[in-house]
Amino acid sequence: MLFSYNWLQEYIKGKLPAPVKLAELLNMHAFEVEGMQKKGRDTIFDIAVLPNRAHDCLSHTGMAREIAAICKLKLQLPKTKQIKVQKGRLTPLKVKIQPASPKTTSQGGPASQQGGSGELVPRYSALVIEGVSIKKSPKWVVDYLEAVGVNSINNVVDLTNFIMLETGQPLHAFDYEQIEGRTMNVREAKEGEKLETLDNQVFSLPEGALVIEDAKRLIDLAGIKGGKVSAISLNTQNIVLQAANFNAVAIYRTKSQLKYTTQAADMYAHQIDPNLAMEALERAYALCAELGIGGKIAQVVDLYPKSASWRIKRITLDMQFVSSILGIPLSQKEAKRILESLDCQVALAKNRLQVTCPTRRLDLTMQEDLVEEIGRIVGYETIPAAFPIAPIAPPSKNTELLWLSKIRNAFKGLGFTEVYNHSFIGDKDFSTFAYSAADKAKLVEVENPLSSEFSHLRDSLLENLVKNVRDNQKQARLAESRQAETIRIFETGNTFRQHKGKFAEFNMLGALIYNGSFYEIKGVCDFILNSLGISSAWYDEYQATSEESRAEMWHKGKSAEIKVDGEEIGFLGEISSRVNTALKISKPVGALHLNLEKLILLASEEISYRAPSRFPASTRDIAILVPSQTKVAEVMNAMTGAGGALVRDIDLFDMYEGEHLAQGKKNLAFHIIYESAERTLTSKEVDTLHNQIIKAVEENPEWEVRK
Amino acid sequence: MVIFALKNSALEAIERAQNLAELETSYKAYLGKKGELTLILRSLANLNEAERKVQGKEANDLRNLLEKRFAERKKEIQREEIVIQEKLAIREHVDVTAPGKRLPKGHTHPLTLAQTKAEEIFQTMGFTVAQGPEIETEWYNFDALNIPANHPARDMWDTFWLKPKNAGHLLRTHTSPVQIRYMEKHNPPLRIIAPGRIFRYEATDASHEFNFYQLEGLMVGKEVSVANFKAIIEEFYRQFFGKPVAIRLRPSYFPFTEPSFEVDMRWNKGAWLEMMGAGIVHPNVFRAVGYIPAEWRGFAFGMGLDRLAMMKYQIPDIRLLYSGDLRFLQQF
């Protein structure tokens with residue numbers, strides 16, 4: 001809210017600190033001053049009044065009270081005038097207030113916190129003033145209003161704005177003659193009721209908006225903006241000057257639903273003290289003469305059914321409690337002085353203060369609140385740093401993080417760069433990555449997305465990673481001109497999906513190699529699993545039933561499910577050419593997507609080793625011609641079975657398909673390493689073993705050992 | 001006589017050898033399995049005893065001499081070869097200004113670097129790292145943190161809601177729900193930090209993103225004060241930035257803390273920089289997790305990790321962190 005330095009000065013006895021100094025003091029003891037601007041002889045502050053102080057500090061007197069407490073200055077409140085009703089000729093106004101619907105009272109919010117105020121209108125106060133003159137306001141009023149950005153309209157409207165900015169109580173003036181039947185009925189709107197406000201906007205109201213209705217029509221969007229039909233005009237002679245206290249929840253909900261707000265609505269939404277209403281009218285009455293409004297008070301309306309529940313609060317404050325929270329010793333006397341400067345009444349007791357809080361301080365409800373008042377006025381900067389006294393217990397280790405860091409380091413070691421992408425995907429991605437309606441239905445959708453580009457939560461890290469490749473490939477071409485161009489990136493993060501009617505969240509790992517093959521990314525996967533001590537991984541050919549990954553993403557012939565103990569833990573392969581084409585990616589992309597939670601559960605720090613043999617090993621090579629579809633694993637299994645314990649390792653060193661080979665055939669070449677822990681194997685022994693293996697391989701009529 | 005001639009020719013061969021291969025050939029010619037001297041030694045068996053005595057001594061002496069000379073000459077040649085290689089090496093020069101062979105190098109994201117560093121520092125001060133989900137319920141994100149529905153305080157967090165909205169699911173707007181989840185499962189006293197991704201419905205610019213990172217902290221004990229909070233946080237910043245820092249607290253408001261502050265930091269006498277929000281845990285938060293407020297006290301804080309990383313590495317624009325731009329990322 002904007003505050004005028006000169007206006008604030010009106011309520012302070014003695015001189016305010018210079019504007020810069022004042023801003024600094026407010027920053028350190030109350031609120032952040034977000035802006036400061038010289039305007040003629042005045043300085044205008046933009047002060048971010050904290051939400052818990054909106055009850056009392058969205059006003060110049062409220063802010064002046066803060067300043068007085070901080071600067072140890074005296075407050076001087078503006079003069080008010082005792083309201084005297086005079087006999088007039090106007091028909092008395094009838095005001096009726098409907099009870100709140102259960103929906104409003106059950107909505108929580110400040111009303112339910114601040115005991116005893118479930119009513120639509122905790123207080124409705126108004127003056128009926130007969131015989132007013134509508135004219136221009138005196139210059140000082142115009143100056144103050146304009147200083148804080150409010151246009152001067154006429155003396156009656158200016159009065160309402162002035163009082164609001166001075167006291168924090170919104171006022172509204174109705175043209176008495178426009179109130180049909182001289183009745184006002186305050187109620188909740190039915191959905192879709194129409195109302196035109198003073199600023200010529202026509203609203204279709206949500207259910208529960210507070211409205212005032214006369215005998216025929218809606219005349220006011222209560223607490224937010226006056227209705228056009230009952231507005232003050234140059235011909236107005238009699239007015240109803242309203243100082244109401246409206247239900248904060250109802251106002252908050254309505255302004256949020258209408259996406260429309262006013263200063264009054266903001267004040268009401270934060271809830272204000274109903275006791276302010278009559279004070280504000282007394283102040284307004286005092287100003288009527290000064291603003292040339294004149295007239296006499298024909299009627300006072302004051303409906304305040306539960307006034308008893310808005311009485312002062314008493315809090316017993318334990319001095320030990322204050323010191324132990326703040327961590328500094330503080331005398332009872334000093335605490336008393338500070339609280340009194342904030343308008344509390346304080347009685348001393350043994351090690352305690354009996355504190356009576358002013359009703360406008362709706363935020364003061366418990367000891368902690370008073371500790372905050374004392375702490376900030378004393379100044380938090382006076383509190384020295386002191387380490388806590390706590391048991392020296394080592395923190396329990398988060399093993400998940402340890403593994404995660406191990407995985408990240410492994411990727412870094414392999415030359416991968418870590419990226420962080422947004423958690424969202426959207427329309428463009430659905431077409432690029434060929435999402436079907438069924439695919440989309442599994443995604444988690446955002447109710448209020450920033451744009452259609454970010455309308456859903458990602459269910460895989462790969463889409464955004466592939467887009468990273470697209471964005472970086474040109475750069476990669478330039479940077480890597482001395483070598484084969486490549487991009488290696490990885491990301492860890494959460495993905496989201498609807499699962500059995502619930503939202504499921506997965507911690508995933510995604511990695512890509514641009515200009516990388518199936519076997520290269522598989523090598524990466526092997527390396528990572530190895531680093532985690534997972535030795536039992538199995539790669540299964542892609543099946544249409546894979547739950548974890550969308551088929552359209554993958555090259556059908558070059559992708560595999562990664563399984564450990566029968567459970568799918570991820571997927572790897574090359575990205576489909578349709579995706580590459582859609583993104584204009586010119587080289588094959590190897591991709592890996594792993595479920596980190598499952599991976600980490602399987603990870604093991606146990607390392608089992610086999611002592612290296614003291615005796616030399618012998619190597620024999622074998623080349624086998626097999627049908628193209630034959631799996632290397634099948635051939636290896638056959639060889640391992642036949643070789644027995646003296647075969648230490650079988651290693652595929654070449655796989656060839658193409659020229660010089662029959663159609664539909666591929667050549668596999670292996671090193672077989674023979675070794676014993678007890679002795680040197682003779683070449684005869686090795687030959688015998690090797691022949692056993694050859695025989696076993698040749699048992700399959702489709703496999704031919706090349707000699 | 002044969003021996004004498006053999007001696008001369010062998011010694012000459014040794015001297016003549018210019019490299020190890022030649023030397024090895026000569027060695028084989030005299031002392032190998034079928035070498036001349038070896039054959040003579042073997043033939044001694046056929047002689048009578050007197051001849052054997054005389055010739056045997058001569059032959060064995062010669063063998064010892066030759067073995068010695070071969071070994072000496074081998075060392076000489078090796079030494080000569082080193083000298084020759086060194087001479088050659090001078091001619092065989094490289095361009096020392098040409099770049100070295102480029103090896104693949106990986107890079108860790110600056111946010112990971114910042115988060116890891118923060119975790120390490122807090123762990124040394126006894127804080128355990130806790131985590132929670134990114135999709136949260138209204139209860140954990142708001143109600144349990146003393147932020148009631150239809151209260152203007154909720155406007156402090158611009159929220160992404162998930163469809164259908166009446167289910168009350170949202171993307172967490174802060175890491176504070178992790179406090180609640182952790183306290184529900186653990187008894188005090190406790191010290192935790194919770195780093196993680198959070199979401200705000202906000203247009204992006206150089207200092208705003210709609211998903212970013214926060215690091216939450218919570219310490220609960222019997223005696224925990226504002227002074228304690230100051231000490232822990234000052235120590236954290238000192239270690240994180242590796243230089244002495246000053247911090248100051250300013251009044252603020254968060255529904256889940258009372259009193260609440262903003263924390264500013266500065267180096268030397270530089271400008272104060274806004275770092276985070278913090279405060280003493282509100283009794284209603286303890287109530288929400290079933291603690292007895294009168295028995296426990298705590299401080300809580302939440303700082304932006306992006307901001308920490310940006311300050312540490314002097315990154316001017318938060319959007320770079322989420323751009324996937326390798327020209328940026330490969331500098332870390």
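Q: Helices (H or I, at least four residues) and strands (E, at least two) are DSSP runs, numbered from the N terminus; in which strand of chain A does A:Leu594 lie?
A: A:Leu594 lies in strand 28 of chain A, residues 589–595. The model is predicted, with local features requiring pLDDT of at least 70 and side-chain atom pairs pLDDT 80 or more, while totals for chains, interfaces and linings use all residues. Residues are numbered from 1 along each chain as its sequence is written, and chains are lettered from A and ligands numbered from 1 in the order in which they are written.

Q: Why does A:Leu594 count as buried?
A: A residue is buried if 20 or more other C-beta atoms, placed from the backbone, lie within 10 Å of its own, exposed if 12 or fewer, and partly exposed in between. A:Leu594 has 24 C-beta neighbours inside 10 Å and therefore counts as buried.

Q: Which residues does A:Leu594 touch, not counting residues up to four places away in sequence?
A: Contact requires C-beta atoms, placed from the backbone, within 7 Å. On that basis A:Leu594 touches A:Met508, A:Leu509, A:Ile569, A:Gly570 and A:Leu599. A:Met508 is 86 residues from A:Leu594 in sequence, yet their C-alpha atoms are 5.7 Å apart.

Q: What makes chain A more spread out than a compact globule?
A: The radius of gyration is taken over C-alpha atoms, and the globule rule is 2.2 Å times the number of residues to the power 0.38. Chain A comes to 23 helices and 32 strands. For its 707 residues the rule gives 27 Å, whereas its radius of gyration is 40 Å, well over that value, so chain A is more spread out than a compact globule. Its C-alpha trace spans about 130 × 60 × 50 Å along the principal axes, and buried residues make up 40% of the chain.

Q: How does the radius of gyration of chain B stand against that of a compact globule?
A: A compact globule of 332 residues would have a radius near 20 Å, but chain B has 41 Å. The C-alpha trace of chain B spans about 125 × 50 × 45 Å along its principal axes. Chain B has eleven helices and nine strands, and 41% of its residues are buried.

Q: Why is helix 1 of chain B called roughly parallel to helix 4 of chain B?
A: Angles, which run from 0 to 180 degrees between N-to-C directions of axes fitted to C-alpha atoms (for helices, over the stretch in contact), count as roughly parallel under 35 degrees, roughly antiparallel over 145, roughly perpendicular from 65 to 115, and oblique otherwise. Helix 1 (residues 2–16) and helix 4 (residues 49–91) of chain B pack at about 5°, with axes 10 Å apart. Helix 1 of chain B is therefore roughly parallel to helix 4 of chain B. Residues making the contact include B:Leu6 and B:Ala10 of helix 1 and B:Leu62 and B:Leu66 of helix 4 of chain B.

Q: How do you know that strand 4 of chain B is paired with strand 5 of chain B?
A: Pairing requires that DSSP find at least two bridges between two strands. Ten bridges join strand 4 to strand 5 (residues 211–221) of chain B, which run antiparallel, and B:Leu190 stands opposite B:Val220. Strand 1 (residues 128–129) of chain B is joined to strand 4 of chain B by two bridges, in parallel; here B:Thr128 has B:Ile192 as its bridge partner. Nine of the ten residues of strand 4 of chain B (residues 190–199) are buried.

Definitions and conventions: Two residues are in contact if their C-beta atoms, placed from the backbone, lie within 7 Å.
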